[in-house]
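Me: Please examine the following model and answer a series of questions about its fold and backbone geometry.

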Amino acid sequence: MDPLRSLRADTRGATRYTFFMDVSLRRIALALLVSFAAGCGFPEGDYGFNGGNADKDAAVDPSTDTFVPDNATDDTSNPPDDVTGDEAAVEEPGSDAEPDSDGGTEVGPDAPDVGQDTLPDVPPDVPKDVPVDVPPDVAPEAPLPPLLNVWHIPTNPEPPTITMRNPRFPAAGGNVNIYFGIQPIGQTTGANLYWWWSGETAPHVVAFAWDSNNGNNEYWKAVFPMPARPVGTFRYYIEVTPKFPATNSTTWLYGTDSATNTTYSKTTASGSPYKPDVRLPTAGGDGGVSEIVITEAMVNARGGTPETPKEWFEVFCGAPVPVTLDGCKVGDAAAVHTIADPELILWPGIYAVFGNTMDQANMDGFLPDYAYGSTSSIQFANTGDTIRVLLPSDTLIDQVVFSSATGFPTAVFGTDAHSMQHKTLTPSAVDNDTGTNWCQSLKAYGLGTSYGTPQAKSDLCAP
Ligand SMILES: [Ca+2]
Ligand SMILES: [Ca+2]
Ligand SMILES: [Ca+2]
Ligand SMILES: [Ca+2]
């Protein structure tokens, strides 16, 4: 044989052999894939191949062995699968809820699809022992029985002749009587009053006691005390326990001075408790009658100037109802400070103090009711200045223009730590403009290093 022909023949044979081996390997690989896909590789079950696209409510229809998506699913994070059949063209990676378009011959990342597409009668990702489309495993809540027919309207004349909060604006140191009505008679076994004063963080709880019946109404009563010198306000709400829980719920009362609300929720009631209506004080301008009257001032405080933070002044509340000073202004001749305190509510007949600071040491042993600031530009000149209280509108509630030249006690201006007092037990915004109606304080208070009657009526400057 021609060596060259022999070489060509060998080459052709080798080429044919290589081609034959190529075809054989591909067939073996294909056979292995089909065998693997037929279930030899993985037992049945959920391997998480479906990722987030699985429809938990989906099923396979056993009659047709086709996938049936549940479009009624309420799981918005898991929308129903495409049922139009065009998903094959835009198949999401790893999605195998529908048959693959590649006929199961695809290799690579989608290989597990082949197996699942050929598994008989197994819903993808749905464990076989879990019923499909089961209702949520949460029993619906039984409806609550109705609220009791109860009420507390502070201004209402109930029981007859008195108001349901009696008195409606109780006096300093007095009692507050709270009544609630319930109808028909005999629907409760008891009730609690939750009340607290400004600044308190937890309510006091007082039990109601049966008070009286009137016609078809039954009244219960609870009592709590007012502070001796009320600055601030009380708040309260009421819990009524039903005698027949099957037909009535525990009922919470809250509201305003002229209305009652009832609720199943203690949180709702405690968040909107009853509290007395308040208003701004009346103001007579300079020299007119006002409900707030300046009654005492420590203008020449202990130590040299600047005397802040040791200065203070006192006012009397002559209003017949609690008044708020939130938003009002205090000051001297040169400057004013706007009060920012919704709890600065003064009750009838009390004396309240505005000071530089809430520090008792600087105040020589007492705590003011409001501090206008130790860095405030409000500093009373020791020999003459103006003390002012104004409405938010800048109308004067009261002022005192003091001076050694107009009859005010000059001893105050020359001696440290003695306040000057409005020398009367019936303070007047008009009378306090006359210097001779004032006197130098001679009684020590608090730590004993200053003299005056802060937060108390005048001692008429007796020694
Ligand atoms: Ca001084
Ligand atoms: Ca001063
Ligand atoms: Ca005045
Ligand atoms: Ca006083």
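Reply: A residue is called buried if 20 or more other C-beta atoms lie within 10 Å of its own, exposed if 12 or fewer do, and partly exposed in between, with C-beta atoms placed from the backbone. Helices (H or I, at least four residues) and strands (E, at least two) are DSSP runs, numbered from the N terminus. This is a predicted model, in which local features need pLDDT of at least 70, side-chain atom pairs count only at pLDDT 80 or more, and totals for chains, interfaces and linings use all residues. Residues are numbered from 1 along each chain as its sequence is written, while chains are lettered from A and ligands numbered from 1 in the order in which they are written.

Me: Over which residues does pLDDT stay under 50?
Reply: The predictor's confidence in each residue, pLDDT, runs from 0 to 100. Its mean for the chain is 79, and 71% of the residues reach 70 or more. Two residues are in contact if their C-beta atoms, placed from the backbone, lie within 7 Å. One stretch has 101 contacts beyond four places in sequence, and pLDDT stays under 50 there: residues 1-124.

Me: What percentage of the residues in the chain is buried?
Reply: The secondary structure comes to four helices and 26 strands. Of the contacts with a separation of 6 or more, 62% are between residues 24 or more positions apart. Among the 463 residues of the chain, the buried share is 32%.

Me: How many residues of strand β13 are buried?
Reply: Strand β13 spans residues 292-298 and is mostly covered. The number of its residues that count as buried is seven of seven.

Me: Which residue is the bridge partner of A297 in β23?
Reply: Two strands pair if DSSP finds at least two bridges between them. With β14 (residues 312-317), β13 pairs in the antiparallel sense over six bridges, and I294 has V315 as its partner there. With β23 (residues 420-422), β13 has two bridges, again antiparallel. In β23, the partner of A297 is M420.

Me: Which strands stand at the edges of the open five-stranded sheet, and why is one side of each left without a neighbour?
Reply: The strand order is β7-β6-β10-β11-β12, with antiparallel pairing. Each edge strand has a single partner, so one of its sides has no neighbour in the sheet; these strands are β7 (204-207) and β12 (259-263).

Me: Which residues touch the most other members of the largest nonpolar core?
Reply: A nonpolar core is a set of buried Ala, Val, Leu, Ile, Met, Phe, Trp, Tyr and Cys residues joined through C-beta atoms within 7 Å. The largest has 46 residues, and the members touching the most others are V315, C317, L346 and A352.

Me: Which elements give two or more residues to this core?
Reply: In soluble globular proteins, nonpolar side chains tend to be buried together. The contributing elements are β13, β14, β18 (345-346), β19 (351-355), β21, β22 and β24 (438-440).

Me: Which residue stands opposite I387 in β22?
Reply: Strand β21 (residues 384-390) is joined to β22 (residues 396-403) by seven bridges, and the two run antiparallel. They form a hairpin with five residues between them. The residue opposite I387 is V400.

Me: Is D394 buried or exposed?
Reply: Most residues other than glycine have a negative phi, and most peptide bonds are trans. D394, in the loop between β21 and β22, has a positive phi of about 80 degrees although it is not a glycine. Because 10 other C-beta atoms lie within 10 Å of its own, D394 is exposed.

Me: What is omega for the peptide bond joining T308 and P309?
Reply: P309 lies in the loop between β13 and β14. Another proline, P167, is in the loop between β4 (165-166) and β5 (175-182), and the bond from N166 to P167 is cis with omega near -5 degrees. The bond joining T308 and P309 is cis, with an omega of about 15 degrees.
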